[in-house]
Amino acid sequence: ACAAGPLRRSQPPAVPAEVVSRPWGVRPRGRRGLHGSSSSPQEVVLTSERYGVERLPFSRVSDGDVAFFERMMPGRVVTNPEELKPFNVDWLKSVRGCSKLMLKPQTTAEVSQVLRYCYERNLAVNPQGGNTGLVGGSVPVFDEIILSTVLMNRIISFDKVSGILVCQAGCVLEKLNEYLEEQAFVMPLDLGAKGTCHIGGNVATNAGGLRLLRYGSLRGTVLGLEVVLADGSTLDCLASLRKDNTGYDLKQLFIGSEGTLGVITAVSILCPQKPTAVNLAFLGCQSFAKVLETFTTCRIMLGEILSAYEFMDEKCMELVKRHLKLSSPVTDSPFYVLIETSGSNSTHDEEKLSNFLEQAMTSGLVTDGTVATDDKKIKTLWGLRERITEALAHDGYVYKYDISLPVEKLYDLVTDMRARLGRSAKNVVGYGHLGDGNLHLNITAESYSHSLLDAIEPFVYEWSARYNGSISAEHGLGFKKKQFIQYSKPNEAILLMKRFKAMLDPKGILNPYKMLP
């Protein structure tokens with residue numbers, strides 16, 4: 001059995017799992033299929049005996065299968081264990097599979113050919129983009145074939161009048177944004193992982209990010225998709241129309257489906273004009289109540305130019321300073337907010353921002369702050385927010401939770417979790433997209449602990465459900481959260497999802513063990 005965890009006592013049987021609590025790659029004694037080495041002795045092996053779980057009866061990759069794929073795409077078939085290592089482990093180095101084969105198609109036709117063959121042979125497939133997911137959805141659980149979109153990175157077209165971009169699924173988000181900026185446009189989403197993540201993976205997970213407050217979710221900006229289904233048939237819904245009211249909107253089935261219903265091969269997306277005036281304010285607040293009041297005030301006073309409102313607590317800033325050696329221009333505040341404005345008239349925008357800041361300071365909502373208008377300082381300030389995840393990874397084993405809640409309850413979960421865990425956790429921090437009601441709750445410890453996980457889960461999901469929240473705001477369910485979907489969705493909805501899965505992938509070969517319980 002290969003890695004994929006962690007699992008919980010409260011969780012129904014899922015799959016064998018190995019939790020690698022610090023740097024990955026340690027070969028467990030007496031187990032096969034894992035490769036590599038690490039200086040860290042920290043690891044926990046959760047056995048199939050403990051959870052009563054098994055690999056599903058898919059076929060195993062044979063020499064004949066490898067030979068077939070090598071004839072189809074010579075030079076783009078990976079079987080070397082060393083080369084496969086980074087594609088078998090997630091970005092957090094918390095879950096690990098043991099795939100022995102990765103394929104790198106370049107075209108939709110090749111993806112279709114691969115899936116048709118795998119469907120006939122009953123071979124499980126793990127679609128993978130930039131592998132930046134945080135819930136174990138992008139790596140194999142057992143020996144699934146990794147179908148990488150890394151070479152599907154071609155921009156197909158861009159219409160400067162409508163702002164509609166059509167591209168292959170493997171285009172890196174940052175590269176797309178750089179291309180669009182040359183045309184005076186930008187992508188409608190921005191993520192901390194933008195330098196690695198693929199647009200196909202963004203769509204498959206319905207990624208949110210830093211611009212959602214201004215431009216909305218991918219469910220609104222994605223106009224069309226090209227998707228290859230489990231049996232190899234191609235669904236061409238790659239529309240470039242903003243209005244198309246003919247029948248069911250099938251693309252919505254695949255947005256957020258995490259590769260379980262089909263493999264997205266191309267995307268049509270509506271891109272906004274690049275703002276010519278951007279300002280960033282980094283402010284300190286003395287309480288979370290002040291953070292909320294500041295948000296209400298800035299929404300009223302900044303109106304249409306408000307493009308981001310992020311918050312982070314003082315623990316986040318301490319970790320960024322300690323582990324990444326970054327310095328904050330604003331210190332000694334329990335909470336910090338980052339407010340971005342973007343528009344087309346710098347004089348107008350700066351005047352509105354200045355009036356807001358004057359109001360916020362004189363009314364006591366904000367005690368300290370700084371404003372950036374040049375690109376270098378703006379990127380520096382954004383780095384304090386975007387690199388929190390990186391700083392947490394340096395602090396030990398990280399238990400990550402991505403929760404949606406009514407904004408007034410957002411930080412109460414952090415406070416309650418700190419009280420519940422006490423000294424058993426190293427740090428409990430909260431930050432996120434306050435404008436979207438999205439909290440990133442992170443708990444660090446020196447190493448992975450079953451008892452600590454049991455103290456966190458299912459408490460965190462029960463707490464969220466009590467206030468009509470969602471257990472996954474933007475990260476998806478993947479492997480780690482699939483057994484807790486009932487805290488956010490009624491049984492009727494889950495059963496309907498399973499019917500969709502059975503209809504589109506009757507053999508269950510696409511990204512098995514993920515998303516659905």
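How many bridges join β12 to β14, and do they run parallel or antiparallel?

Author: Happy to walk through it with you. Please keep in mind that this is a predicted model. β12 and β14 run antiparallel, and 9 bridges join them. Within this pairing, Val278 stands opposite Ser342 in β14.

β12 has another partner as well: β15 pairs with β12 in the antiparallel sense, over 5 bridges. Here Ala281 is the residue to look for, standing opposite Val371 in β15. As for cover, 8 of the 9 residues of β12 are buried, so the strand is mostly covered. Helix α12, residues 346-362, lies across β12 (277-285), β14 (335-343) and β15. The helix runs at about 10° to β12.

Now let us step back to the whole sheet. In general, strands of a sheet pair through backbone hydrogen bonds, either parallel or antiparallel. In this sheet the pairing is antiparallel, and 7 strands follow one another in the order β15-β12-β14-β13-β17-β18-β16. The sheet is open. β15 (368-372) and β16 (397-404) stand at its edges; each has a single partner strand, so one side of each is left without a neighbour in the sheet. From one strand to the next, the twist averages 15°. Further along the order, β13 (residues 306-313) and β17 (residues 427-433) pair in the antiparallel sense over 3 bridges. Met312 has Tyr431 in β17 as its bridge partner.

Charged side chains may interest you too. A search of the whole structure finds 18 salt bridges. One of the pairs is Asp65 with Arg121, whose side chains meet at 2.7 Å, N to O. This pair links distant parts of the chain, 56 residues apart: Asp65 belongs to helix α2 (residues 63-72) and Arg121 to helix α4 (residues 108-121). Asp65 counts as buried because its relative accessibility is 1%, under the 20% cut-off. Arg121, with a relative accessible area of 27%, is partly exposed.

A local pair is found in helix α3 (residues 81-88), where Glu82 and Lys85 are 3 residues apart and therefore separated by about one helical turn. Their side chains meet in a salt bridge at 3.3 Å, N to O. Lys85 counts as buried, at 17% relative accessibility. Arg387 and Glu390 also form a salt bridge, with their closest N and O atoms 2.9 Å apart. Arg387 is partly exposed at 31% relative accessible area, and Glu390 counts as partly exposed at 30%. Besides these pairs, a network of salt bridges links Arg322, Asp395, Lys426 and Glu446.

Finally, the chain as a whole. There are 18 helices and 18 strands, and buried residues make up 56% of the 517 residues. The chain exposes about 21500 Å², of which carbon and sulfur atoms supply 50%. Taking contacts between residues at least 6 apart in sequence, 74% join residues at least 24 apart.

Terms used:
Residues numbered from 1 in each chain as written. Predicted model: local features only at pLDDT ≥ 70, side-chain atom pairs only at ≥ 80, totals over all residues. Heavy atoms only, no water. Pairing = 2+ DSSP bridges. Helix = DSSP H or I, 4+ residues; strand = E, 2+ residues; numbered from the N terminus. Axes fitted to C-alpha atoms, helices over the stretch in contact; angles between N-to-C directions. Contact = heavy atoms within 4.5 Å. Buried < 20%, exposed > 50% of the residue type's maximum accessible area, 1.4 Å probe, protein only. Areas by Shrake-Rupley, 256 points an atom, 1.4 Å probe, with all protein chains shown as cover. Salt bridge = Lys/Arg side-chain N within 4 Å of Asp/Glu carboxyl O.
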